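Morning, everyone. Please look at the screen while I talk through strands, charges and patches.

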Amino acid sequence: MSVLLLRLAGPLQSWGSAARFARRTTESAPTKSGVIGLLAAAQGRDRSEDLSDLAALRFGVRIDQPGTRIRDYQTAHHADTDKSMPVSERFYLSDAVFVAAVEGDGDLIDELYRALRAPAYLPYLGRRSCPPSKPVELTVHIDTDLEEALARERWHAAEWYQRRLRREKAVPLEVIVESRSGGDDPGDTLRDQPLSFDPRHRRYGLRTVRSTNVRVPNPLAPRVTARRTPPPDHDPATALKGV
């Protein structure tokens with residue numbers, strides 16, 4: 001097994017799992033359907049193509065910088081009648097940073113990594129209006145699992161955010177990982193397992209996730225210098241006594 005890590009950072013992100021036209025919400029972390037869609041777009045797959053191989057990848061995400069939830073209002077006109085459509089709400093995460101991971105067969109992971117370095121379609125963070133601020137591909141871990149890869153990866157929060165927590169040498173970060181298929185891990189159920197991206201019939205299934213925490217070093221924490229041991233008392237005239 002191999003693990004592909006992605007850095008998801010940008011001015012705005014939006015990861016909806018139950019959106020409607022009049023109200024499009026966002027989850028507090030990237031969804032599996034959103035990240036699988038990003039990977040499929042990088043490969044140049046059509047929306048109607050089979051994506052069972054990508055959907056079978058085990059998914060996890062680490063929240064490096066939670067960001068701020070913001071709301072926007074949008075208006076639109078009907079393309080045929082030019083009538084005003086209902087005012088809709090759009091929710092976004094501002095200044096958030098995540099490390100996402102997919103675990104699977106080594107050949108497929110390598111293929112996805114190459115696709116991200118030269119994507120067929122530009123990646124976006126949940127919606128097309130949310131481009132990433134940096135390249136999304138990070139690295140590939142070989143012969144490891146999802147949990148270990150997310151625990152070992154350095155902290156990717158912005159410098160100003162790291163400085164805010166500079167008093168903490170090790171920062172606790174929430175990690176949301178997908179339970180292994182066939183396992184008995186307790187957890188929460190999410191409907192973001194992609195089954196089809198076909199616009200005529202988008203379909204999503206249920207999957208089970210569990211939340212844990214990892215501690216990563218803060219590179220901006222002050223370094224502790226070892227105290228110097230004071231030299232022992234020394235009287236240079238001691239050797240002259242008794243002469």
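Start with strand β3. Strands β3 and β5 (residues 88–104) run antiparallel, joined by 7 bridges. Strands count as paired if DSSP finds at least two bridges between them. Within this pair, Q65 stands opposite V97 of β5. On to β7 (residues 170–178): β3 runs antiparallel to that strand too, with 3 bridges. There, G60 faces V177.

A word on the source. This is a predicted model, where local features need pLDDT of at least 70 and side-chain atom pairs count only at pLDDT 80 or more, while totals for chains, interfaces and linings use all residues. Residues are numbered from 1 along each chain as its sequence is written, and side-chain values use heavy atoms, leaving out hydrogens and water.

Helices (H or I, at least four residues) and strands (E, at least two) are DSSP runs, numbered from the N terminus.

Is β3 enclosed or open? Largely enclosed by the rest of the structure, because 8 of its 8 residues are buried. Buried means under 20% relative accessible area, exposed means over 50%, and partly exposed lies in between (1.4 Å probe, protein chains only).

Now charges. Side chains of opposite charge can pair when their charged atoms come close. How many salt bridges does a search of the whole structure find? It finds 14. Each is a side-chain nitrogen of Lys or Arg within 4 Å of a carboxyl oxygen of Asp or Glu.

Take R180 and E103: their closest N and O atoms are 3.3 Å apart. R180 sits in the loop between β7 and β8, and E103 in β5, so this pair ties together parts 77 residues apart in sequence. R180 is partly exposed at 40%. E103 is buried at 7%.

Next, R210 and E147 meet at 2.9 Å, N to O. R210 is in strand β9 and E147 in helix α4, so they tie together parts 63 residues apart in sequence. R210 is partly exposed, at 23%. E147 is partly exposed, also at 23%. Salt bridges that share partners join R58, E103, D145, E147, R180 and R210 into one network.

Last, the surface. D105, D107, D110 and E111 form a negative patch. Patch residues have over 30% relative accessible area and no salt bridge, with like charges joined within 9 Å, and nonpolar side chains (Val, Leu, Ile, Met, Phe, Trp, Tyr) within 5 Å. D110 belongs to helix α3. A positive patch gathers R24, R47, R128 and R202. R128 is exposed, at 65%.

How values were computed. Accessible areas come from the Shrake-Rupley method with a 1.4 Å probe; for residues, only the protein chains shown count as cover. Lys and Arg count as positive and Asp and Glu as negative; His and the chain ends are not counted. The place of a charge is taken as NZ of Lys, CZ of Arg, CG of Asp or CD of Glu.
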